[in-house]
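The sequence and the structure are shown here for reference.

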Amino acid sequence: MRKIIALLLLTASPVVFATLPPLSPEAKAKAEETAARAAWSAKVGNYQLCESQNKVAAEYYASAQAAGKPTKPPLPTPPCQNP
């Protein structure tokens, strides 16, 4: 059993230490474009989340005031920034 494990480790070790070839300029450009798109999508998602949170908070305060419930003033937050 030990011989089999040792044999597997010896045959797998070159695969583990193998390096990938360097990226071509086209592949680098594609990776940068993908990263930029992901960053843009994250910014848009954050903006949409901020807008929806503001909408929910406004509806909450309006319904609480209509029901005559006391509310605390909202915490100051930075405005939503549209990317």
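## Residue classes and the largest pocket

In sorting residues by class, Ala, Val, Leu, Ile, Met, Phe, Trp, Tyr, Cys and Pro count as nonpolar, Asp, Glu, Lys and Arg as charged, and the others, Gly among them, as polar. The model to which these classes are applied is a predicted one.

The largest pocket holds about 170 Å³ of space, and the residues that line it are Gln53, Asn54, Ala57, Tyr61, Pro74, Leu75 and Thr77. Sorted by class, this lining comprises 4 nonpolar and 3 polar residues, while charged residues are absent from it.

## Overall make-up

The protein has 2 helices and 0 strands.

## Helix α2

Helix α2 covers residues 25-66, which makes 42 residues in the helix. From its first C-alpha to its last, α2 reaches 61 Å, a span close to the 62 Å expected at 1.5 Å a residue. After α2 comes Gly68, whose phi is positive, near 80°.

## Tyr61 and its surroundings

Tyr61 lies in helix α2 and is also one of the residues that line the largest pocket. With a relative accessible area of 23%, Tyr61 is partly exposed, since burial requires a value under 20% and exposure one over 50%.

Which residues form the aromatic pair, and how are their rings arranged? The count of aromatic pairs comes to 1. The rings of Tyr60 and Tyr61 have their centres 5.4 Å apart and their planes at 70°, and the pair is therefore edge-to-face, the angle being over the 60 degrees that this class requires.

Tyr61 can also be placed relative to Pro73: the two are 12 residues apart in sequence, and their C-alpha atoms are 9.2 Å apart in space.

Notes. Residues are numbered from 1 along each chain as its sequence is written. This is a predicted model: local features need pLDDT of at least 70, side-chain atom pairs count only at pLDDT 80 or more; totals for chains, interfaces and linings use all residues. Side-chain values use heavy atoms; hydrogens and water are left out. Helices (H or I, at least four residues) and strands (E, at least two) are DSSP runs, numbered from the N terminus. On a 1 Å grid over the protein atoms alone, a cavity is a set of points where a 1.4 Å probe fits but cannot get out, and a pocket is an open set with protein on both sides within 12 Å along at least five of seven lines; lining residues have an atom within 4 Å of a point. Grid points are joined across faces, edges and corners, and a volume is the space filled by probe spheres set on the points. Rings of Phe, Tyr and Trp (its six-membered ring) pair if their centres lie within 6.5 Å; planes under 30 degrees apart count as stacked, over 60 as edge-to-face and the rest as tilted. Buried means under 20% relative accessible area, exposed over 50%, partly exposed in between (1.4 Å probe, protein chains only). The expected span of a helix is 1.5 Å times one less than its number of residues.
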